[in-house]
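User: I would like to learn how to read some features of a structure. Please give the general idea each time, then the case at hand.

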Amino acid sequence: MSGEGDPRAAPAPIWRLFVDTGGTFTDCLALDPAGRLHRAKVLSSSAVRARVEERLDPLRLRLAGAFPSVEGFFRGYLWRLLDGAPEAIDSLEATAAIEVAGYNPAERVIELVSAPAEPFPPGARCELASPEEAPILAARWVTGTPLDRPLPPLALRLATTRGTNALLERKGAPTALFVTRGFADLLAIGTQQRPDLFALDIRRPPPLHGAVVEVPERLAADGSVLVPLTAEALAELAAAAARLSAAGFAAAAVALLHSFRNPAHERAVGETLARAGFRHVSLSADLAPLIQILPRAETAVVDAYLSPVVEGYLARVEAALPAGSLHVMTSAGGLVRAAAFRAKDSLLSGPAGGVVGAAAAGRRSGLARVIAFDMGGTSTDVARYDGDFELLFEHRVGDAHLVAPALAVESVAAGGGSICRAEGGQLKVGPESTGAAPGPACYGAGGPLTLTDVNLLLGRLAPERFGIPIETAAAEAALRAVEGALSAAKGLGAGELAEREALLQGFLDIADERMAEAIRRISLGRGYDPAEHALVAFGGAGAQHACAVAALLGIGRVLVPEDAGLLSAAGLAAAAVERFAQRQVLRPLAEAALHLAGWLAELARESAAAVAAEGIPAGEIGVRRRLLDLRFAGQEGTIAVPYDPELAPERAFAAAYRELYGYLPAERPIELVAIRVAASSRPPEIAAAPPAAESFSAAPPATRRACFAGRWREVPAYERESLAPGAAFAGPSLVFERHSATVVAEGWTGRVDGARALVLERS
């Protein structure tokens, strides 16, 4: 977590920060005003962990670790011991937290406001918790700015899982749904699809909204008024809204029938609710102005449920940037200023940054078709890139169904923090994760056995390489607990259980297969062969599992970019400011074709104006996508086809349909459902790097004892920074770098290409 110069970085007049906040770690890349590159990786719980090297006196402690060389940097942080109990680090109130009064960087000594009440030995684990959000902690770390000084002028680009975590953990705001009278049960009924076709006891998750109010109004399918929304009706709604607001409801979602044709009623209801005390009101006609009341209502509820959480989080981040700007990554891989960011667009914010970064890394290495493989601490996200990003305009995250543009990302609950355990005599990996608190067992804070511990115990990770104190003994103890549970479940005596290496490999095999299956869904499941792509491995744990996952899929090439552990943050630097405009059509294509050019031009102006409102000069704005949602008459599903003025839409649709389904129905009329246009700022140009000048065998500076294929052996251990372009080596071997480690499996070779990326290939 230190800064250093990078001659490849272009000078910038102010600090430029690219920060990705995940479930466990927050990654930061920063360019200072002189163009030097800085890196930081902090816990997403806004804390720094260390060891007490020496207690100099009751108030002064010398810490072991690498910290900013800034006088008083930790002043105002809260120090506390970590005694290994998970409940002791879940909340500051539950522990003996003491404010830091001073910090001497030369001696790594902190001074506390008061002495700790309980004695503790040298080497005790501790934590320094910042009162600010993790992105601001990372910003202070790279800029060397203590709490009592303002941050320097900076431009911050942020990707965050805050909304996703709140949704999955059901920690959104109390939300009320306002819906057309007679449709109070709309979301409870849903599509009536069974989540499990053969389950006899169906248990649906509770709805996100906690109250429903029926609105006495009704529009016809063409948007004309059947039942007017009267002043008396609005007065009744205001009274109901006041009661709900007083009862603690902070957000409201409004979804009225056919409002996509005529939003007047929704807007009148929204204004009434805002006057009645609701701080957050989400209108379905503004968020998803398309046909189908159910997905519109679901989108409005999700947006309302998460808006207080996401907006509050961004407000706290922005408040710490008095002399800076804040742009946030959307689920579609574009950037939006914080004031215009909507909660519904936040759910794939973090993964989208990784996909953009993987695509940029592939282009630098001359690869046009890649599969992004982002394995972090909590989950693994995969996506396919084939010259452009694959978009979805309806997607699911957890139990939520949204109508919002998003990159086609598949997520699976397998990350470095996924819990490895034995249940009923079977090995299980995830979906539960330890997160940042308490973290894996080796973090020494009472966590269970995780995939990180498994890789550590197999010798594939080096404890001294972590940015926080690591205890191998704690991982060993967690493994013994799992062995005990497995032996008890199987009724085995001492020594009858399989060798521990086989047990550890079993956990890896389970996780690898789950991640490979996610890749199959975004490739084979959509008609693409994964073997025709390179696997771009990144995230803190991606390069540890890449060879095994690639082998399961028949992929012969793996790319591990520079700063693989921080690639999602690097993706923010390659992203563009982007805004969408859309229009519902619902006409036969033959009829709509007469108006298509005019509609597309109108939407292009609308989306370009939205980008210009972000402060982008008109000369830097271009139309990036023109998409037609087409289907055969009588079908419900659509195919998004890029608009090409040189190619008839009918022919483009026929080609896409045949590629996706393998056949083409004869003589069926085609319907244009909707059109979408995306305008964006000009993205940075990324050209393929020149090839390495020559190839040479790299001599490893050291060896390390590690377990490969069930056998312990001494394997080469390379330093990533010492591998120049052209360096070549063979597996089994290990490559260590900041914030990541690469496992080169037996039967694979590695080389460094002209972009300084590791290229692993099956031999």
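**Helix packing**

Analyst: Helix 11 passes helix 12 in a right-handed crossing. The model is a predicted one.

User: At what angle do helix 11 and helix 12 pack, and how far apart are their axes?

Analyst: Helix 11 (residues 500-522) and helix 12 (residues 539-553) meet at an angle of about 55°, and their axes are 9 Å apart. That angle makes helix 11 oblique to helix 12, because values from 65 to 115 degrees would count as roughly perpendicular and values under 35 as roughly parallel. On the helix 11 side the contact is made by Leu508, Asp512, Glu513, Met515, Ala516, Ile519 and Arg520. Helix 12 contributes His545, Ala548, Val549, Leu552 and Leu553. By class, the contact has eight nonpolar, one polar and three charged residues.

User: How does helix 10 lie relative to helix 11: parallel or perpendicular?

Analyst: The axes of helix 10 (residues 472-490) and helix 11 cross at roughly 95° and come within 12 Å. Helix 10 is therefore roughly perpendicular to helix 11. Glu476, Leu479, Val482, Glu483 and Leu486 of helix 10 make the contact with Arg500, Leu503, Leu504 and Phe507 of helix 11. This contact has six nonpolar, no polar and three charged residues.

**Burial**

User: How is burial read for a whole helix, and how many residues of helix 1 are buried?

Analyst: A residue is buried when its relative accessible area is under 20%. In helix 1 (residues 134-143), 10 of the 10 residues are buried, so the helix is largely enclosed by the rest of the structure. Among them are Arg140, Trp141 and Thr143.

User: Which elements do the buried residues of helix 1 pack against?

Analyst: They pack against strand 1 (15-21), strand 2 (25-31), strand 3, strand 4 (47-55), strand 10 (154-160) and helix 7 (293-319). After helix 1 comes glycine 144, with a positive phi near 65°.

User: Is lysine 41 buried or exposed, and what does its side chain reach?

Analyst: Lysine 41 counts as buried at 13% relative accessibility. The residue belongs to strand 3 (residues 37-43), one of the elements against which the buried residues of helix 1 pack. The lysine 41 side chain makes a polar contact with the side chain of aspartate 27 at 2.7 Å. That lysine side chain also reaches the backbone oxygen of glycine 565 at 3.2 Å.

User: Which side chain does aspartate 388 contact?

Analyst: The aspartate 388 side chain makes a polar contact with the side chain of arginine 625 at 3.2 Å. Aspartate 388 sits in the loop between strand 20 (380-386) and strand 21 (391-397). Its relative accessibility is 36%, so aspartate 388 counts as partly exposed.

**Backbone exceptions**

User: Where are cis peptide bonds found here?

Analyst: A cis bond joins glycine 430 and proline 431, with omega about 0°. Proline 431 lies in strand 25 (residues 426-433). Glycine 731 and proline 732 are also joined by a cis bond, with omega about 5°. Proline 732 is in the loop between strand 35 (727-730) and strand 36 (733-737).

User: Which residues other than glycine have a positive phi?

Analyst: Examples include aspartate 563, with phi of about 55°, and glutamate 667, with phi near 50°. Aspartate 563 lies in the loop between strand 27 (557-560) and helix 13 (567-574), and counts as buried at 13% relative accessibility. Glutamate 667 lies in the loop between helix 16 (649-661) and strand 31 (670-681), and counts as exposed at 83%.

Methods. Residues are numbered from 1 along each chain as its sequence is written. This is a predicted model: local features need pLDDT of at least 70, side-chain atom pairs count only at pLDDT 80 or more; totals for chains, interfaces and linings use all residues. Side-chain values use heavy atoms; hydrogens and water are left out. Helices (H or I, at least four residues) and strands (E, at least two) are DSSP runs, numbered from the N terminus. Buried means under 20% relative accessible area, exposed over 50%, partly exposed in between (1.4 Å probe, protein chains only). A polar contact is a pair of N or O atoms within 3.5 Å; within protein, one must be able to donate a hydrogen and the other to accept it, and residues adjacent in sequence count only if both atoms are side-chain atoms. Axes are lines fitted to C-alpha atoms, for helices over the stretch in contact, and angles run from 0 to 180 degrees between N-to-C directions. Angles under 35 degrees count as roughly parallel, over 145 as roughly antiparallel, 65 to 115 as roughly perpendicular and the rest as oblique. A crossing is left-handed if the near helix is turned anticlockwise from the far one by less than a right angle, and right-handed if clockwise. Contact means heavy atoms within 4.5 Å. Ala, Val, Leu, Ile, Met, Phe, Trp, Tyr, Cys and Pro count as nonpolar, Asp, Glu, Lys and Arg as charged, and the others, Gly among them, as polar.
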